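Please look through the sequence and the model below before reading on. The report then goes through the chain part by part.

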Amino acid sequence: MPIDVSNTAITAVSTDKAPSAIGPYSQAIKAGNVLYCSGCIPLDPETMQIAGSTIEEQTDRALKNLAAVVQAGGADLSKVVKTTVFLKSMDDFVKMNEVYARAFGSHKPARSAVEVSRLPKDVLVEIEAIVSLQ
């Protein structure tokens, strides 16, 4: 049974500053004081094309998309509690981590990073987050 997002305690979040959902899901869901962000992949929000061919370029774009969704939900990256990073290859972990560290600065949310066999549109990275709205 689908969740009724018309309930005031559960609200879909959307922004045109990040790629639109490419399936039956929301960019994020606000539930009380928590924002649950769907996985962000490195699509340019204007062209809906993959941004960059390297893990660094793709990680940067995915994080910019995530930041835009988080901002649309009423917070910023300093309020991110947990991320999950999905990598096409764990060989890209160090390079992804350098870009990720720059984006979050001194803030270090809890994180999982896993290698997966395939990601949407065959991108190299996807990043999702849970954010505190307090």
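## Report on the predicted model

Met48 sits in the loop between β3 and α1. Strand and helix names here follow DSSP runs, numbered from the N terminus (helices are H or I with at least four residues, strands are E with at least two). The model is predicted, with local features needing pLDDT of at least 70 and side-chain atom pairs counting only at pLDDT 80 or more, while totals for chains, interfaces and linings use all residues. Residues are numbered from 1 along each chain as its sequence is written, and side-chain values use heavy atoms, leaving out hydrogens and water.

The phi angle of Met48 is near 60°, a positive value in a residue other than glycine. Met48 counts as partly exposed, at 25% relative accessibility. On this scale, buried means under 20% relative accessible area, exposed means over 50%, and partly exposed lies in between (1.4 Å probe, protein chains only). Asp122, in the loop between β5 and β6, also has a phi near 60°, positive in a residue other than glycine. With 38% relative accessibility, Asp122 counts as partly exposed.

**The sheet**

Strands of a sheet pair through backbone hydrogen bonds, either parallel or antiparallel. Here, 6 strands form an open sheet in the order β1-β2-β3-β6-β4-β5, with mixed pairing. Two strands pair if DSSP finds at least two bridges between them. β1 (10–13) and β5 (110–115) stand at the edges with a single partner strand each, so one side of each has no neighbour in the sheet. On average, neighbouring strands of this sheet are turned by 15° against each other, direction ignored.

| Pair | Sense | Bridges |
|---|---|---|
| β3 and β6 | antiparallel | 5 bridges |
| β4 and β6 | antiparallel | 7 bridges |
| β4 and β5 | parallel | 6 bridges |

Individual bridges can be followed in the model. Cys37 has Ala129 in β6 as its bridge partner. Phe86 stands opposite Glu126 in β6, and its bridge partner in β5 is Val114.

**The helices on the sheet**

Helix α1 packs on the sheet and touches β1, β2 (28–31), β3, β4 and β6, its direction making about 30° with that of β6. Contact means heavy atoms within 4.5 Å. Angles run from 0 to 180 degrees between N-to-C directions, and axes are lines fitted to C-alpha atoms, for helices over the stretch in contact. Helix α2 lies across β4, β5 and β6 and runs at about 155° to β4.

Ala68 is found in helix α1 and is buried, with a relative accessible area of 10%. Ala68 touches Thr15, Lys17 and Ala18, leaving aside residues up to four places away in sequence. Ala68 and Ala18 are 50 residues apart in sequence, yet 6.0 Å apart in space, C-alpha to C-alpha.

**The core**

A nonpolar core is a set of buried Ala, Val, Leu, Ile, Met, Phe, Trp, Tyr and Cys residues joined through side-chain atoms within 4.5 Å. The largest such core has 27 residues, of which Cys37, Leu66, Val125 and Val131 touch the most other members. At least two residues of this core come from each of β3 (34–40), α1 (55–72), β4 (80–87), α2 (93–104) and β6 (125–132). α1 gives the most, with 7 residues. Beyond residues up to four places away in sequence, Val125 touches several residues, including Cys40, Ile55, Ala62, Phe86 and Leu119.
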